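Have the viewer open as you read.

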Amino acid sequence: SNPGDVLQLAAAAELYNRDWRYHKEERIWITRAPGIDPRMKTSTYEQGTYYYFDCQNWRKVAKEFHLEYDKLEERPHLPNLISLHFNPAQHG
């Protein structure tokens, strides 16, 4: 709900680390179905079976996609979180 919120960025980074990608046009998180290679793969897109996260029903749903790489969000960049950690020395 708050783009750029630190917790949202941390969640996005963790999803990215788990091989989920955010599709900018569809506005969904997507990942390849495990054990199923794309039917077609080029330097700009791939086609195959992917899971997307259905947030209405809180589950993964399999779907055939023609996935263009430029429609995927880049890896999230987390800000320096050191200043957000509690430092007891500062709170005497």
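Arg21 lies over the face of Tyr16, 3.6 Å from the ring centre. Lys60 does likewise with Tyr51, at 4.9 Å from the ring centre. To count as a charge over a ring, NZ of Lys or CZ of Arg has to be within 6 Å of the ring centre and within 35 degrees of the ring normal.

A word on the ground rules: this is a predicted model, where local features need pLDDT of at least 70, side-chain atom pairs count only at pLDDT 80 or more, and totals for chains, interfaces and linings use all residues. Residues are numbered from 1 along each chain as its sequence is written, and side-chain values use heavy atoms, with hydrogens and water left out.

Arg21 turns up again in the lining of the second largest pocket, along with Asp19, Ile30, Thr31, Arg32, Glu46, Tyr50, Leu67, Tyr69 and Leu72. Two elements give two or more residues to this lining, strand E2 (28–32) and strand E4 (45–54). E2 provides the largest share, three residues. Strands here are DSSP runs of E with at least two residues, helices are runs of H or I with at least four, and both are numbered from the N terminus.

The pocket's volume is about 210 Å³. A pocket is an open set of points on a 1 Å grid over the protein atoms alone, where a 1.4 Å probe fits and protein lies on both sides within 12 Å along at least five of seven lines; lining residues have an atom within 4 Å of a point. The volume is the space filled by probe spheres set on those points, which are joined across faces, edges and corners. What is the lining made of? It divides into five nonpolar, one polar and four charged residues. In this scheme Ala, Val, Leu, Ile, Met, Phe, Trp, Tyr, Cys and Pro are nonpolar, Asp, Glu, Lys and Arg are charged, and the others, Gly among them, are polar.

Now for the salt bridges, each a side-chain nitrogen of Lys or Arg within 4 Å of a carboxyl oxygen of Asp or Glu. The count comes to six, and the table gives some of them.

| Salt bridge | Closest N to O |
|---|---|
| Glu14 and Arg18 | 2.8 Å |
| Asp70 and Lys71 | 3.9 Å |

Shared partners link Glu25, Glu68, Asp70 and Lys71 into one network of salt bridges. How exposed are these side chains? Lys71 is buried at 18% relative accessible area, Glu68 is partly exposed at 30%, and Asp70 is exposed at 56%. The cut-offs are under 20% for buried and over 50% for exposed, with partly exposed in between (1.4 Å probe, protein chains only).

Trp58 is exposed at 67% relative accessibility, while Phe53 is partly exposed at 27%.

Stepping back to the whole chain, there are one helix and five strands, in the order α-β-β-β-β-β along the sequence. Of its 92 residues, 23% count as buried.
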